[in-house]
Every structure is written in C-alpha cells, then in structure tokens.
Amino acid sequence: MPSEQPSASPDWSAARARMILDPTVTMLNTGSFGPLPQPVFDRVTAIRHCLAAGPTDFYVRQAPPLLWEARERIATFLGTTPQRFVFTTNVSAAINLVASGLRLNSGGEILMTDHEYGCMAWCWDRVGQRQALSVRTFPLPTMASDPNEIVEAMCRAITPRTRVLFFSHVLSPTGLVLPAKELCAEARKRGVPTVVDGAHAAAMLPLNVDSIGADFYTGNLHKWLLAPSGAGFLVIGRGNEDRLQPLHVSWGYHADKYPIGEITKSEGPDARDNYGSTPRIRFLEFEGTRDFCPWLAVPAAIDFQTELGWNAVRNRIAELATYTRKVIGDIGLSLATPAAPGMHGAMTAFNLPTTVNTARLRKELWDRRIEIPVIERTHPDRLLLRVSHHFYTTEAEIDVLANELPTCLQAARSGGIITSNGG
Ligand SMILES: Cc1ncc(COP(=O)(O)O)c(C=O)c1O
C-alpha cells in the first residue's frame, strides 16, 4: 500500500500513460463515467479470473477476506467505519435503497434543490406517491459567491412539513460543491433527516463522511476514484442503524436465525462475519449471487491515486479548472460554475444559448471525437456544457474543445434539424 503523500510533483504525462484511454478521443466526461487506470483494470480482471476458475472457492473462501479488506480501506479513505459502510452497485442503487427502505411520516413533503439528478428526483417522486408526501424543490443560487447563500436558501425553504431533505454534494449539471456539512447541521436542528447524493464527491473532494453528519450519505466509486463500474456505496449515519429495510430479501435478512460461522448473537450486529461484512451490513448489502469483483478492486483504485498524492491530484484539478475557465470563457461562453474557492471541484460548466439544437451539437462534437455532455434542464430552463478535468486531462484537450466549439455551435444554431439517424 503506497504512503499517503509523496512529496515530489508527479509526472502527469506518465500518470496519463497509465490510464486506459482511447487516444483518438478528447475525453472531457469523467463526470459521467471514469476510465480505468491499467493497474485497476488488471486487478479486477485477476479477481474475475479467480471467480471464473473456481466460483465456489471464490465466493466461500477467497472473497470474504478481500471484501472486508476493501470495506476497511474505503471506509477509512472516506472518513467512516466499516460497520457503517454498505457497498452498492452504484449511487442510484444506494439512493433507491434509502428512499425505498425509509418510512417517513406522511402528510408532509420531501424537499430537494431544483438541480438534482433527474432520475434521482423521480426516485423521490415515487416515494411521495407511495407514502402520501408531496415533493417540493427550492431554487438553488447556483452562482453563489459564498456557501452561506446556499445554506440560507435551504433554511428559507424548509418548513415544519419537511420530512426529508435530499441534495447533491456536488451538482451534476454544473459541478457546484454544496456546503454539505452546514446543510446537514441546519436540517438536523430542525429535526429533518438528510439524504446526500455524493455521486461525484468521493475522491474529487477530501471527504470525511462522518464529519458531514448526514443521516444517509451515498456515493459512487466509478467516477472520480476510477474504480470499476459496479462500485457505489451507502454510509449509514449515527442513530439510523435500524431505520432501513433492504430492497432485496436474501440470506442477510435473518442473520439472527442463521448465525454465520463463528459469529454468535452475543457478538452483536456489528461484529465481522465470515462473509466480509457484519450482520447489520449484510442485511442491506447481500442480494444473492452476483459479480462484486468491482468492490474488491477498490483498494487498487485507492492505491493508484494515493501513489500520485491526493494533494497533487487536487492541485492539478484546480489548475485545470482555472485553465478551462479562461480558455472557454475566451470564446464567449459564460460560466455556470462559481469560481469562488470551495465551491467548485473537477467539473466546470458553461451556459449555452437555449436556442441551440442539442442533438445537432452533440453530433458535431462527437464527429470531432470530443466526449463531453450537453446537459438540458427544465425548471429552470438551462442548457449547459460541462467540462470534466481529472489529473489526466491535458491543456491540449481543453484547447481542442475551445477550437472546435465555435464551429459546432454555429452548425447547431443554423442547420439545426437532424434526421433520426443522426445525419
Ligand atoms: C448527482 C448524480 N446522482 C446520481 C447519478 C447516477 O449515477 P449512477 O448511474 O452511477 O448510479 C449521477 C450520475 O452521473 C449523478 O451525477
């Protein structure tokens, strides 16, 4: 395991060379899906080989200690304990687990910002329908110059009818970083439980989940940590240990009826079991036989960026944010992510005119092998271009975008109509 902070600044082009990246693509979309470092790919492939070669030996004997090791490593990395850490396939699964498993007092409302990730908002719409709650959004000051503006907006929006507050730690459309700790503290003062969508926060920010104080903190490891797809998580906040029901009923459901190996009841629900979990965690996490090799490769992903040095990685990301703001700003697009310290991370978004034909713009960009999301939001009506800049992003890639974008926008404004086959 590499030490936490090497002193010398890494050679970024050598670090990029260790990433599996298609050299023909200008990759500016880590925010949707992270690519893999070669050692992480090698590790998950080696684990999958063991599973393929001897599935019984793998599931019964080899995987449990690896699962516990992965749980300990990632829990420590995120500032929590393995006893609170539930692995999930992705953040959607974690949010669904909380939303479906949590009983809220009916007759009130679910409160969220007006910039939540679309299908996660749907997840809460369904909770509203099932539990007779309304869903209300409040407008987020997305270009705030101080995090307190966001806290004040939330405090104004919360009412005695609010049964739960849901918000993203880092907004998907713009990359704005919300003051999660302060929002959770204010909600707690008002007796409102918090569910945080930390899809982008793990590895992008120096995260200490326990100090944030959310009732339920969820996240992804396949984005900024560069772990394989299939790795997400839920951290159960203090006092919420027994509030959730699992989405899947499987062997973890009756750990009390089926004591596991050497674990006896007296050792309690948080004692490590013979499956790499604890009875309390397994109750929520175990969904039957499945490929959890991505979870077991998480330590390799932590090691990869630890070796580069987290301060160095985050300084490099900050340098690229400054470069992106300048170069894309110079072609005339206005910034949609605050430049104020602490309010942005590894994604920088720009406003596009809402008259642009989005399908055409996406096609023009991809015709030039530029991988970048064009994000449409309604309520409020916004069209955004979001640049992701991880340590392996190069200034040359941002330059490619800046050089090609005016022509792409021109084409998307004038010859707007495209046919269904994209032509
Ligand atoms: C804020 C936010 N929440 C949830 C998700 C869903 O992530 P996943 O598909 O990995 O579950 C995303 C994906 O980009 C996101 O940005």
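**Exercise 1. Find which stretches of the chain make up domain 1 and domain 2.**

Step 1. The domain assignment, which is automatic or comes from a database, gives domain 1 as 12-30 + 309-413 and domain 2 as 48-301. Before going on, note that this is a predicted model, in which local features need pLDDT of at least 70 and side-chain atom pairs count only at pLDDT 80 or more, while totals for chains, interfaces and linings use all residues. Residues are numbered from 1 along each chain as its sequence is written.

Step 2. Taken over C-alpha atoms, the centres of domain 1 and domain 2 are 28 Å apart.

Step 3. Now look at where they touch: domain 1 brings 21 residues to the contact and domain 2 brings 18 residues. Contact here requires C-beta atoms, placed from the backbone, within 7 Å.

Step 4. On the side of domain 1 that touches domain 2, β9 (347-351), β11 (374-377) and β12 (382-388) each give two or more residues. The most come from β9, with three residues. Strands are DSSP runs of E, at least two residues, and helices are runs of H or I, at least four residues, numbered from the N terminus.

**Exercise 2. Work out the order of the strands in the open sheet of seven strands.**

Step 1. Follow the sheet across: β2-β8-β7-β6-β5-β3-β4, with mixed pairing. Strands pair if DSSP finds at least two bridges between them.

Step 2. Check the edges: β2 (85-88) and β4 (134-138) each have a single partner strand, so one side of each has no neighbour in the sheet.

Step 3. Zoom in on β5 (residues 162-168) and β6 (residues 194-198), which run parallel and are joined by four bridges.

**Exercise 3. Decide how well covered helix α11 (residues 298-308) is.**

Step 1. Eight of the 11 residues of α11 are buried. Buried means that 20 or more other C-beta atoms, placed from the backbone, lie within 10 Å of the residue's own.

Step 2. Among the buried residues are Val298, Ile302, Phe304 and Leu308.

Step 3. The buried residues of α11 pack against α1 (12-17), α2 (38-53), α3 (55-78), α10 (293-296) and α12 (310-330).

Step 4. Just past the end of α11, Gly309 has a positive phi of about 100°.

**Exercise 4. Locate residues that surround the ligand.**

Solution. They include Ser32, Asn90, Tyr117, Asp197 and His200, each with a C-beta atom, placed from the backbone, within 6 Å of the molecule.

How values were computed: A residue is buried if 20 or more other C-beta atoms lie within 10 Å of its own, exposed if 12 or fewer, and partly exposed in between; C-beta atoms are placed from the backbone. Two residues are in contact if their C-beta atoms, placed from the backbone, lie within 7 Å.
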